[in-house]
Amino acid sequence: AVHEIMSNGRVVFVVVTSAPVSLEFQKRRRRRRRSNSSSSSAKNNNGSSLIRSNNNTTTTRVEEFTHMELFSGIGGMRLALERSNVLEHYDDLKCVAVDNNAIANEVYRRNFDMERTVMLEGNIESMLEKSLMSLFAKTDLLTMSPPCQPYTRTGKKEHGNDKRSTALAKIIDTFESSSSCVFLPKRILVENVVGFENGKERERLIALLEKNSYFIKEFVGLSPEDIGMPCKRPRYYLIARAFELGPFNEPKTIAIERRNIKEFLSSTADDNEEEHSGSLLLDVKKIEKYWRFFDIVHCSDGSEIVSASTFTSGYAKTVFSGSILLDESGIEFAKKDVKANNAFRLIKRDSEETDEDFAAKVQPHLRYFSPREICRLHGYEDGFNFGELSERKKYKLIGNGISVSIVSNVLKYLFNK
């Protein structure tokens, strides 16, 4: 819960963490407080320290914040947490990142302060009873984006019968079998594809949270488009707050300004840009075979705002895994398809033209989005470092990631900001 305290005519926010914690963590907390006892401080009625400096102003000392990322990937959840600014009143952020993908973990290491991070690489199911259980009690925020394949609309929809859902099931098993709610985190955020809301794991998770008196909110189909980003990525989100943190505030209505996809494309002025090296051009044979199915994005002028479709981990490997960019001079080859929700499709102006001739003519005007451009659409800044990975591996990691822009906003709501 967040309380307001007036001090010297101004408001001081004090975060009170009253959820039960382990005995070991309580001991460490007392040691930290004793080590800081030399500071000149006053105590408010809630027991938090107000530190008075030489100029008689007052600041707040609060506990460190622990974030556990299960299925952490390249660190999108952590990036969203840092960008959300919900931890401005905490002294320190400690993270526990858990994933079995060595390549994703290496990218994570390149982009975050590992002195504040415990990284556990391996199978989550095998870690639960050993490493993770003792850490849950110290967790202020648990985020997870479990494998989505069991729930995707293009998959087999096997849900709990899919082997890739066993990690989430094991997590729920672990919480259900614990003898006390001491092991449950104070706040929880779950992200997955639309369809997860129909699965058995979601039902079990909701039942577990309700049993332990959590406040719960769910969002189905929330997409970057909802906050003005020119990119579709509809997802399921669940957020939950422990009872002692209080209920959620009423959602705020804010004005949304749609952004033009041009803002996210790289400029030809930079000769080093991968987008203009020719490596992103489509193979003419692929165009010849699949041009009728391409989801086309164009930005010939600013009069119409267009959105890219969802980019998946198979982008640039299959034509059904995300949008393809048509340059401004090629707009004559595109037309809205009313049968496909007004998405743009390629069109032949000459009905007698062969697919081979059409492919050769349109090929110079088509290219894939680059990994950097997709990162921008998902909320990652240009400084995000993938090292020397191939484009194929970058696409796969990004496609398996999250929308940082959306999750940072969901986190603000979770923290009642």
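Two residues are in contact when heavy atoms of theirs lie within 4.5 Å. By that rule, and setting aside neighbours within four places in sequence, Leu 397 is in contact with Ile 74, Asn 101, Ile 103, Ala 104, Val 107, Phe 386 and Leu 389. The model is predicted. The protein has 417 residues, and 49% of them are buried. Its secondary structure comes to 11 helices and 17 strands. Take contacts between residues at least 6 apart in sequence: 72% of these join residues at least 24 apart.

**Leu 397 in helix H10**

- Leu 397 sits in helix H10, which covers residues 391-399.
- Its relative accessibility is 9%, so Leu 397 counts as buried, the cut-off being under 20%.
- Thr 312 is 85 residues away from Leu 397 along the chain, yet their C-alpha atoms are separated by 9.2 Å.

- Helix H9 spans residues 371-378.
- Of its 8 residues, 7 are buried, so H9 is largely enclosed by the rest of the structure.
- The buried residues of H9 are Pro 371, Glu 373, Ile 374, Cys 375, Arg 376, Leu 377 and His 378.
- These buried residues pack against S17, H10 and H11.
- Gly 379 follows H9, and its phi is positive, near 100°.

**Arg 367 in strand S17**

- Arg 367 belongs to strand S17, residues 366-368.
- Arg 367 counts as buried because its relative accessibility is 11%.
- Its side chain makes a polar contact of 2.9 Å with the side chain of Glu 373.
- Glu 373 is one of the buried residues of H9.

**Helices H2 and H11**

- H2 covers residues 76-84, and H11 covers residues 404-414.
- The two helices pack at an angle of about 55°, with axes 8 Å apart.
- H2 and H11 are therefore oblique to each other.
- H2 passes H11 in a right-handed crossing.
- From H2, the residues that meet H11 are Gly 76, Met 77, Leu 79, Ala 80, Leu 81, Arg 83 and Ser 84.
- From H11, the partners are Val 404, Val 407, Ser 408, Leu 411 and Lys 412.
- By class, this contact of H2 with H11 has 7 nonpolar, 3 polar and 2 charged residues.

**Helices H5 and H6**

- H5 runs over residues 166-177, and H6 over residues 200-211.
- H5 and H6 pack with their axes 10 Å apart, at an angle of about 25°.
- That angle makes H5 roughly parallel to H6, since angles under 35 degrees count as such.
- The crossing of H5 and H6 is left-handed.
- H5 brings Leu 168, Ala 169, Ile 172, Asp 173, Phe 175 and Glu 176 to the contact.
- H6 meets them with Glu 201, Arg 204, Leu 205 and Leu 208.
- The contact of H5 with H6 divides into 6 nonpolar, no polar and 4 charged residues.

**His 67 in strand S6**

- His 67 lies in strand S6, residues 65-70.
- His 67 counts as buried because its relative accessibility is 0%.
- Beyond neighbours within four places in sequence, its contacts are Met 77, Arg 78, Leu 81, Leu 93, Lys 94, Cys 95, Val 96, Leu 141 and Thr 143.
- Met 77 and Leu 81, among the contacts of His 67, are also among the H2 residues that meet H11.

Notes:
Residues numbered from 1 in each chain as written. Predicted model: local features only at pLDDT ≥ 70, side-chain atom pairs only at ≥ 80, totals over all residues. Heavy atoms only, no water. Helix = DSSP H or I, 4+ residues; strand = E, 2+ residues; numbered from the N terminus. Buried < 20%, exposed > 50% of the residue type's maximum accessible area, 1.4 Å probe, protein only. Axes fitted to C-alpha atoms, helices over the stretch in contact; angles between N-to-C directions. Parallel < 35°, antiparallel > 145°, perpendicular 65-115°, else oblique. Left-handed = near helix turned anticlockwise from the far one by under 90°. Nonpolar A, V, L, I, M, F, W, Y, C, P; charged D, E, K, R; others polar. Polar contact = N/O pair within 3.5 Å; in protein donor to acceptor, adjacent residues only side chain to side chain.
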